[in-house]
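This briefing covers one protein chain.

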Amino acid sequence: MATKLKAPKNKAEEILEIGLMPIQRFMSLEAASGILLIISTIVALIWANSSARDSYVALFQANISLSIGNLVYLEHSFLEWINDGLMVIFFFVVGLEIKRELTIGELSTPKKAALPIFAAIGGMVVPALIYHMFNMDGAGKSGWGIPMATDIAFAVGVLTLLGKRVPFSLRVFLLALAIVDDLGAVLVIAMFYTEQISGPALGTAAILLCFSILMNKAGVRNIFVYLVVGIFIWLAFLKSGVHATIAGVILGFITPIKAWFDKDFFVKQVTDITDKVQKRLKGVLGTSHKTPIPPEAMHTMEELQFLTREAISPLDRIVHALHPWVMFVIMPLFALANAGVYLGNIDINEVMHNSITIGTFLGLVVGKPIGIIITCLLAVKLKMATLPEGVNWAQIFGVGVLGGIGFTMALFVSHLALKAPEIEMYSKVGILTASLVTSVVGFFILAVSTKKKA
């Protein structure tokens, strides 16, 4: 049987493929993380409702203290360390990704950004209004921000199940929509879910942030220095009344996206340094691996290492390093700690008829798709935006339904807004059931509205 040879790629195709690699890598990580989040959620629900429930409570309510000499003493439960500590890293990566999309990505030009921004606005406002309709008064009135955000990992995970049937432009639209959603959720947390503000602590945070920016401008490249300053910025926010996760977002925004060396300079220097390395290793090439490298050659190789590192922007290096940890450790741990709703002593009928549960569920299941599709239709009708290439309205609606998978951010906002566990339980039930429903319905809408490629 004759082997069919693939036609060689032209230069334009190679450039396009390289340009899309970060997005494709991001999507693959999010998809795998979505599966892990589902597993973590199932484990949390089973564990919290099994005979081992006491161990679940004991683990996440256990107090852990941290002290730095006589300067700092912190004591929080393991759950609080996850929500107020580890989640700062999650929000730091969110800040980095938002900055990259706004600077060089899918939100960097009005033409690219228009439709996802309109979709995100509709997908935030309508769910909040629906929730508010059911909770104008009472214990749940502050929870209107719960159904506003989309969980990227879960949504992309569902989309990935359809494989190549889904146009790549639709995947990018969902990614951009979810990132704008995240930005909206961050603003809501900063503006509405903060405690009493401490002026001195907030002032200290501002001074440290300015110091970090000055270090950037001065060319300080030592990551350890930024790590130390970043920890003190987090501590200042923790004491300020503004939620500590906002520190992560701001640190993400001020991280440089420009590499120290541009690409032309990098290529020229690599060629020169490679020649130097070859000359200085000439005497040891072909000898045993135990033969020591001459000091002058080692110095030149270190120059090459520095050049290679600094030809990549700090933002991209940090995202590359932290994103897998966030996706495969922090978010699953967050899900494990927050999704364990104990159902043993509650009346399911009462919970499902509670206004918090109803507002959360309908906000995500009904409000998200309606808000997204209406604002998209208006934007296209008024010629303020255009549909992505190869995408139809049924697919936009399907993505709108997937937008109702609130999960991570919804659980986080629920924790901030409702505070009391006995009240928060209603929103958690609404979030989990809504995420399940929108996952299934969104999958089938997209399965019907996309054609399988031959």
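In which helix is Thr41 found? Thr41 lies in helix H1, which spans residues 11-48. The model is predicted.

**Thr41**
- The relative accessibility of Thr41 is 9%, and the cut-off for buried is under 20%, so Thr41 counts as buried.
- Beyond its neighbours within four places in sequence, Thr41 is in contact with Phe154, Ala335, Ala339, Phe407 and Leu432.

**Helices H5 and H6**
- Two packed helices are described by the angle between their axes and the distance between those axes.
- For helix H5 (residues 152-160) and helix H6 (residues 168-192), the axes come within 10 Å and cross at roughly 170°.
- Angles over 145 degrees count as roughly antiparallel, and H5 and H6 are therefore roughly antiparallel to each other.
- The crossing of H5 and H6 is right-handed.
- On the H5 side, the contact involves Ile152, Ala155, Val156, Leu159 and Thr160; on the H6 side, it involves Arg171, Leu174, Leu175, Ala178, Ile179 and Asp182.
- By class, the residues of this contact between H5 and H6 are eight nonpolar, one polar and two charged.

**The chain as a whole**
- The protein chain has 17 helices and two strands.
- Of the 454 residues in the protein chain, 47% are buried.
- Among contacts in the protein chain with a separation of 6 or more, 80% are between residues 24 or more positions apart.
- The protein chain has an accessible surface of about 23200 Å², and carbon and sulfur atoms account for 68% of that surface.

Technical notes. Residues are numbered from 1 along each chain as its sequence is written. This is a predicted model: local features need pLDDT of at least 70, side-chain atom pairs count only at pLDDT 80 or more; totals for chains, interfaces and linings use all residues. Side-chain values use heavy atoms; hydrogens and water are left out. Helices (H or I, at least four residues) and strands (E, at least two) are DSSP runs, numbered from the N terminus. Buried means under 20% relative accessible area, exposed over 50%, partly exposed in between (1.4 Å probe, protein chains only). Contact means heavy atoms within 4.5 Å. Accessible areas come from the Shrake-Rupley method with a 1.4 Å probe; for residues, only the protein chains shown count as cover. Axes are lines fitted to C-alpha atoms, for helices over the stretch in contact, and angles run from 0 to 180 degrees between N-to-C directions. Angles under 35 degrees count as roughly parallel, over 145 as roughly antiparallel, 65 to 115 as roughly perpendicular and the rest as oblique. A crossing is left-handed if the near helix is turned anticlockwise from the far one by less than a right angle, and right-handed if clockwise. Ala, Val, Leu, Ile, Met, Phe, Trp, Tyr, Cys and Pro count as nonpolar, Asp, Glu, Lys and Arg as charged, and the others, Gly among them, as polar.
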